[in-house]
Amino acid sequence: MGPCLRRGPDPSEVRMTEPVDWMTRANARAKGKRPDFLGDPDKEKMLSMLMAVIGEVSVMRERMDTIERLLDARGTISRADIEGYRPDREAGYERAAMIREYIARVMRGPQQMMEAMQADDKPVEELSRELKDL
């Protein structure tokens, strides 16, 4: 994970006295009420899972970028090289653009639905039916 996405302290700087139970941490409940965007608990669960997968794919894309950059620069790499990589300013800008483009593509459908709800224009299908009936 790159420095902009890391949560908590750098793992290489932490001395662990007990093993971390990742399943317990992953299943911990957040405090407070869950947001309700869609009005249907099942849809909310699906949205939550989808957003988690989107986040994981974003992290994997960043890690792939690290691997590609290191291979281009060195020809061979180790896990330590990957974990220790810190992008320079240019790489950081390129990654930020890559993430923005990815999120824009993923959110294109919901964004278009929101815009359609705000617009007074009729959907193309409805206009097509009306023209057909003329």
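In which helix is the place of Thr-66?

1. Thr-66 lies in helix α2, which covers residues 41–74. Helices here are DSSP runs of H or I with at least four residues, strands are runs of E with at least two, and both are numbered from the N terminus.

2. The model is predicted: local features need pLDDT of at least 70, side-chain atom pairs count only at pLDDT 80 or more, and totals for chains, interfaces and linings use all residues. Numbering starts from 1 along each chain as its sequence is written, and side-chain values use heavy atoms, with hydrogens and water left out.

3. The protein contains six helices and zero strands, in the sequence order α-α-α-α-α-α.

4. Thr-66 counts as buried because its relative accessibility is 5%; buried means under 20% relative accessible area, exposed over 50%, and partly exposed in between, with a 1.4 Å probe and protein chains only. Leaving aside residues up to four places away in sequence, Thr-66 touches Ile-82, Tyr-85 and Arg-95, where contact means heavy atoms within 4.5 Å.

5. Glu-94 belongs to helix α4 (residues 89–106) and is partly exposed, at a relative accessible area of 37%. Its C-alpha atom is separated by 9.8 Å from that of Asp-65, 29 residues apart along the chain.

6. Of the contacts in the protein with a separation of 6 or more, 53% come from residues 24 or more positions apart.

7. Among the 134 residues of the protein, 11% count as buried. The protein exposes about 11900 Å², and carbon and sulfur atoms supply 57% of that area; accessible areas come from the Shrake-Rupley method with a 1.4 Å probe, and for residues only the protein chains shown count as cover.
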